[in-house]
Amino acid sequence: MNESLGKPIDRVDGRAKVTGAATYAAEYQIKNLAYGAPVLSTITKGRVKFIDVDQAKKMPGVIGVMTSENCMMLHSPAGSDPGSGKFAEKDLLPLQNDRVLYGGQYIAVVVAETAEQAEQAAATMKVTYEEQKPMVGFETNFAAAYQPGSGLGGAKTQEKRGDADTAMKMAAVTIDETYKTPVYSHNAMEPHATIAEWNGDKLTVYDATQSVIGVQGLLSTILGVPKENTQVYALYIGGGFGSKGFTWANTLLAPMAAKQFNRPVKIELKRQQVFSAAGRRTQTQQKIGLGAGADGKLQSIKHDTITETSFVDEFVETAGVATSMIYSSPNIEVKHSLVRLNRGTPCPMRAPGEAVGMYALEVAMDELAYKLKMDPVKLRMANHSDMDEQKKKQFSSKYLKDCYQRGADAIGWANRSAEPGTTKQGNLLVGYGVATATYPANRSASSAKATLFADGHAEILCGTQDIGTGTYTVMTQVAADAFGLPVDKVKVKLGDSSYPKGAQSGGSQVSASVGPPIRAAALGVVSKVIKMAIADEGSPLHGKKEEDIIAGNGRIQLKNNPDKGESFADVLRRKGMDKVEAQAKTNVSTRQQQSAPAPDGSPEAKIEAESKTNAAVQADEKTDRKDYVFHSFGAQFAKVLVDPDLGTIRVEKIASVMDIGTVMNLKTATNQIMGGILFGMGMALMEETRYDPNNGRIVTRDLAQYLVPVHADIPEIDVQFIEKPDPYISPIGARGIGEIGVTGMAAAIANAIYNATGKRVRDLPITPDKLI
C-alpha cells in the first residue's frame with residue numbers, strides 16, 4: 001500500500017539538525033583527542049629540502065610533527081572507482097616523498113593537544129625548498145595538450161558519427177564560437193574533516209565523505225589494514241557536491257598521525273585549505289560548431305573541449321558527454337583534450353561534464369536561433385531526439401517537449417521580444433532565456449537489511465549516506481510504504497560501513513540504487529510475516545494465499561476484505577519472536593555493469609543468497625534494460641533585468657521543469673532543483689577561482705573573494721515536475737536529481753542577458769564590466 005511516497009513530508013532528520021543533535025565528522029567527542037594542523041607548500045613546483053621542526057616541537061602542547069622523513073609508508077590504491085574507493089591523487093600519496101607539484105600541497109602535519117596549539121606551531125614551521133619552474137597558464141600551455149583515453153567511469157572522450165566537417169560546409173546556416181569557463185570550487189558548508197582512532201590493530205574513522213564503503217575499502221588498501229578491522233562513519237555530511245566523492249589526503253593523514261603518536265587525531269580543514277587541497281571543477285575552453293538547414297534542422301554538431309588536470313592524477317571534465325545524444329543530427333564530432341598544470345587535482349563537481357558542457361552547447365544553440373531568426377524554444381523542439389542516436393537505443397522515458405511547453409508558460413515566454421535590447425521595465429532592460437537540462441539516470445548494485453520488531457516499529461540498515469539531500473527521508477518513505485507502516489514507525493540508518501553495501505552519493509544514483517533493495521528487504525520481511533500467519537491456525541489468515549494478502553497500517557489483511565487480518569505484533573507475539581529480518585541486494589546497473597559475486601562466507605554473500613528467494617529482487621533483476629538508455633531531462637527558463645548604465649544583472653525569475661521519473665518527496669525534490677539553480681546562477685554570474693599568473697597559487701581562497709549567491713540574489717523560483725514514472729529504471733520509477741538542476745541554468749541566464757542587452761558574453765562569469 002503506497003501511502004507516503006511522493007508526498008512533501010518534512011525531513012526526518014530535520015529536528016536533529018536544527019537542535020545540534022546531528023553529529024558531523026569533526027564533532028565527535030573522542031577521549032584523549034589530539035589535533036592535527038596541516039603544513040601546506042608555499043611553492044608550486046619543486047622539492048622540500050629541509051623542514052625545521054625543532055621550534056614547533058618546543059611550543060606548548062605540541063605532541064609531534066609528521067613529515068616525509070618519519071611517517072608510515074603507504075600502499076598504492078587498487079582502483080579508481082569512487083564507489084569502491086578513489087584516492088584523488090594516486091601519484092601523490094601524502095608525505096611519501098619530498099616532491100611538490102602544486103601550491104597548497106600537504107608537506108607536514110603538526111599534532112598538538114588543542115587545535116589552536118597545532119595551528120600556531122604549523123604557522124611557525126620554516127621550510128627550505130628547491131624551487132622549479134611550474135606550468136601555470138591554461139591557455140599558454142595548449143601546445144602540450146593530449147587526448148585522454150576515457151573519463152570517470154569509462155566515459156567516452158572522443159565520439160563521432162557521420163562526417164561533421166563535410167556537413168558543416170554544406171549547411172545553410174552555421175555557428176562557430178568559443179566558450180570559456182573558469183575553475184569553480186565546491187564550497188560545501190561543512191569543510192572536509194576526519195577523526196581517526198586506533199584500538200590495537202582496529203581502525204575507526206569519522207569522515208566527511210560521500211562513500212563510507214569506498215573510504216573503508218581505500219583505507220584498508222592504502223594502510224594495509226584488513227577491511228573487517230576498518231570502520232568508517234559518516235552519519236551526517238554538510239554537503240559535498242562531488243568534492244567528498246573522492247578521498248583526499250586528510251582522510252589518510254589522520255589515521256597515519258593517530259598511529260604514529262598513539263592518540264586519536266582530528267584533522268579539520270580551514271576554508272582556505274579546502275580551495276587548494278580538496279578538489280575543484282576544471283577550467284575549460286570549448287569550441288562549438290553548429291550547422292543547420294534554413295528550417296533549423298541540425299546537420300552537423302562539433303564540440304571540441306580543452307580542459308586541464310594535474311600532474312599527480314588524471315581527471316577529464318567530459319564537457320561534450322551530452323552533445324552526442326541531446327539533439328537529433330546525422331553528423332556529430334566530440335573531442336576532449338587535456339593540459340597538465342601544477343594545480344591540485346580536479347574532481348567531479350555537481351553535474352561534472354554536463355554543467356559546463358551544456359552551458360557552451362546551449363548558448364551556441366541560442367546564437368543559432370538568432371541567426372536563423374527562429375524562436376529558441378521552437379529550434380530545440382525541431383531538433384528533439386526521440387532516441388539516443390549515438391548508442392542507437394531508446395530512452396527509458398522522455399517528456400522533454402512537455403518541459404519546454406510548461407516552462408515557457410511559467411516564465412511568460414510570450415512576452416519575450418525577438419529583438420534584443422528592446423524590452424524595458426522602468427529603466428532596466430528585460431531579457432528571457434531558455435536552455436535544455438539533462439543528466440544521466442544512474443543506478444548501481446546496492447544492498448539493505450530490514451528488521452520488523454514485535455512492538456510494531458521497523459528499521460533499515462544501508463551503507464550509503466545522506467550528504468544533505470534528503471536520503472534519510474525518502475528512504476524512510478520507501479520503506480514505510482513497503483512495510484505498510486506509518487513513516488514515524490520506520491527508522492532508516494545510514495552512514496556506517498558495517499551496514500550492507502550501498503551506493504556512493506555521486507552521479508545522481510542513490511535514490512535509484514538503494515531504494516529498490518530497501519523496498520525489497522522490507523517486502524521480504526512482510527512476506528515472512530504473511531507466511532507465518534498463513535501457517536498459524538490461530539491466525540485469521542490461516543490457509544489463505546500469500547498473493548491475496550497485503551500490508552497496511554501495521555497490519556496484514558486480505559486485499560478484498562480489509563477487516564480480515566491482524567497486526568504484525570499479533571503474529572510475532574504468538575510465535576514468541578521479538579523481530580523478523582530480511583536482507584536484499586539488487587544487482588542492477590543502468591550502465592550494464594554487474595558487480596562481481598561477494599567472497600564466500602562474507603556478509604554480502606549471505607545477502608546475495610537470500611536475494612535469490614526474494615520475489616521483489618527477482619522481478620527487478622529480470623527486467624530487460626539492455627535496449628534502453630537512462631537520462632533525465634528538463635527545461636530551464638530565466639528572466640533577467642540588466643541596468644544598461646551600470647551593467648548590473650538581476651535574475652528576476654527562474655522556471656525549471658524537470659522530467660525525473662517518480663518524485664520521491666515533493667519538498668526535498670524541489671529543494672534539490674532549487675539548489676542546482678543557485679549553483680547555475682553562481683556559475684553564470686559570479687563564481688571564479690583565480691590563480692596568480694606568475695606562480696600558479698590560488699588567490700581567491702575564501703568566501704570574501706570567491707563569490708557565491710546569497711539570499712539577496714535569490715529570484716522567484718518556479719520548480720515543476722512532469723511526474724511520470726520511469727517504467728524501466730526500477731520498481732520505484734525514480735531517477736536521481738541531485739545534479740540535473742545545474743545543467744542548462746548558466747546558459748539560460750546567459751541567453752537571457754543577450755536578449756536583454758544584445759551583448760553576447762562567451763566567457764563566464766558574466767560580470768558588469770563585460771556588459772558596459
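User: Leaving aside its neighbours within four places in sequence, which residues is glutamate 367 in contact with?

Analyst: Good place to start! This is a predicted model, where local features need pLDDT of at least 70 and side-chain atom pairs count only at pLDDT 80 or more, while totals for chains, interfaces and linings use all residues. Residues are numbered from 1 along each chain as its sequence is written, and side-chain values use heavy atoms, with hydrogens and water left out. Contact means heavy atoms within 4.5 Å. By that rule, glutamate 367 is in contact with Ile175, Glu177, Tyr179, Arg760 and Arg762.

User: Is glutamate 367 buried or exposed?

Analyst: The general idea is that buried means under 20% relative accessible area, exposed over 50%, and partly exposed in between, using a 1.4 Å probe and protein chains only. Glutamate 367 has 10% relative accessibility, so it counts as buried. This residue is found in helix H9; helices (H or I, at least four residues) and strands (E, at least two) are DSSP runs, numbered from the N terminus.

User: What joins the side chains of glutamate 367 and arginine 762?

Analyst: A polar contact of 2.8 Å. Such a contact is a pair of N or O atoms within 3.5 Å; within protein, one must be able to donate a hydrogen and the other to accept it, and residues adjacent in sequence count only if both atoms are side-chain atoms.

User: Where is serine 589 found?

Analyst: In the loop between strand E26 (579-586) and helix H15 (603-611). Serine 589 is buried, with a relative accessible area of 7%. Now look along the chain: arginine 443 is 146 residues apart from serine 589, yet their C-alpha atoms are separated by 5.1 Å.

User: What does serine 589 touch, not counting residues up to four places away in sequence?

Analyst: Serine 589 touches Arg443, Ser444 and Gln594.
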